[in-house]
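Please read it with the structure open.

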Amino acid sequence: MIKYIYIICFACVVFSLQSQDLSVTFNKLEVPCILAEASVTASTTSLPVHYLWSNGGITSSVAELQPGDYSVKVTADNGKDTTIFFKIEELICEPTPETHFTPNFDGYNDTWDISRINSFPEFDLFIYNRWGQQVHRQTSKYFPWDGTSLGLPLPDATYYYILYLDRADKKNFVKGAVSIIR
């Protein structure tokens with residue numbers, strides 16, 4: 001008996017499917033900035049169980065799945081099988097800048113970090129003071145900012161940034177404020 005299942009998921013999916021003498025549990029994990037994974041667990045009295053993924057995998061799990069449509073066929077030795085169809089969605093991976101930092105050289109929170117920035121190798125970052133003067137700029141390779149401008153420590157204040165995710169696309173950006181607290 002063949003069963004077809006269509007799944008669209010934005011996080012994790014776990015479900016179980018049973019047919020005569022073959023039980024299959026499907027699990028999918030999608031996380032922003034990380035390639036997706038999927039796995040199945042089959043329970044049957046008719047061993048061995050064979051797996052055939054649409055990407056050519058033959059084990060009970062696959063990893064590094066790009067966005068797209070996939071399937072897995074699970075077949076027990078007695079000929080019972082189940083086919084599961086699923087889709088990996090493209091999840092938006094956005095950088096997440098910290099809102100403040102304390103560059104007081106105590107070893108804790110001394111620099112301003114932007115998580116996931118390494119996913120955007122063509123970024124362009126500008127930081128301005130409250131008068132609109134540029135105090136810092138970085139491009140392509142991110143080094144956590146230490147709160148200095150031209151080698152001199154900046155005063156405690158709120159600074160404003162604009163982070164272009166791609167220098168060639170000025171429409172795709174993140175902007176906000178970061179506070180220096182000493």
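1. At 59% relative accessibility, Asp 69 counts as exposed. The cut-offs are under 20% relative accessible area for buried, over 50% for exposed, and partly exposed in between, with a 1.4 Å probe and protein chains only. Asp 69 forms a salt bridge with Lys 87, and the closest N and O atoms are 3.6 Å apart. A salt bridge here is a side-chain nitrogen of Lys or Arg within 4 Å of a carboxyl oxygen of Asp or Glu. The pair links distant parts of the chain: Asp 69 lies in strand 7 (residues 68-76) and Lys 87 in strand 8 (residues 81-88), 18 residues apart. Lys 87 is partly exposed, at 29% relative accessible area.

2. **Basis of the model.** This is a predicted model: local features need pLDDT of at least 70, side-chain atom pairs count only at pLDDT 80 or more, and totals for chains, interfaces and linings use all residues. Residues are numbered from 1 along each chain as its sequence is written, and side-chain values use heavy atoms, with hydrogens and water left out.

3. **Confidence.** The protein chain averages a pLDDT of 88, and 89% of the residues score at least 70. The pLDDT is the predictor's confidence in each residue, from 0 to 100. Over residues 1-12 the pLDDT is below 50. Beyond near neighbours in sequence, that stretch still has 42 contacts in the model. A contact means heavy atoms within 4.5 Å.

4. **Overall make-up.** The protein chain has zero helices and 17 strands. Helices (H or I, at least four residues) and strands (E, at least two) are DSSP runs, numbered from the N terminus. Of the 182 residues, 38% are buried. Among contacts between residues at least 6 apart in sequence, 44% join residues at least 24 apart. The accessible surface comes to about 10600 Å², and 55% of it belongs to carbon and sulfur atoms. Accessible areas come from the Shrake-Rupley method with a 1.4 Å probe; for residues, only the protein chains shown count as cover.

5. Strand 7 and strand 8 pair in the antiparallel sense over eight bridges. Two strands pair if DSSP finds at least two bridges between them. Val 72 stands opposite Ile 84 in strand 8. Four residues lie between the strands of this hairpin, where Gly 79 takes a positive phi near 95°. Six of the eight residues of strand 8 are buried, so strand 8 is largely enclosed by the rest of the structure.

6. **Another salt bridge: Lys 73 and Asp 81.** The closest N and O atoms of Lys 73 and Asp 81 are 3.4 Å apart. Lys 73 is partly exposed at 34%. Asp 81 is buried at 8%. A search of the whole structure finds seven salt bridges.

7. Which order do the strands of the five-stranded open sheet take? The order is 10-17-16-12-13, with mixed pairing. Strand 10 (100-101) and strand 13 (134-139) stand at the edges, each with a single partner strand, so one side of each is left without a neighbour in the sheet. Strand 12 (residues 124-128) pairs with strand 13 in the antiparallel sense over five bridges. Phe 126 has Arg 137 of strand 13 as its bridge partner.

8. Side chains of opposite charge can pair when their charged atoms come close. Asp 124 and Arg 137 meet in a salt bridge of 2.9 Å, N to O. The pair links distant parts of the chain, with Asp 124 in strand 12 and Arg 137 in strand 13, 13 residues apart. Asp 124 is buried at 2% relative accessibility, and Arg 137 is partly exposed at 43%. Salt bridges that share partners join Asp 124, Arg 137 and Lys 170 into one network.

9. **Strand 3.** Is Ser 23 buried or exposed? Ser 23 is buried, with a relative accessible area of 13%. This residue is found in strand 3. Its C-alpha atom is separated by 5.5 Å from that of Ala 42, 19 residues apart along the chain. Leu 29 is also found in strand 3 (residues 22-31), and is partly exposed at 33%.
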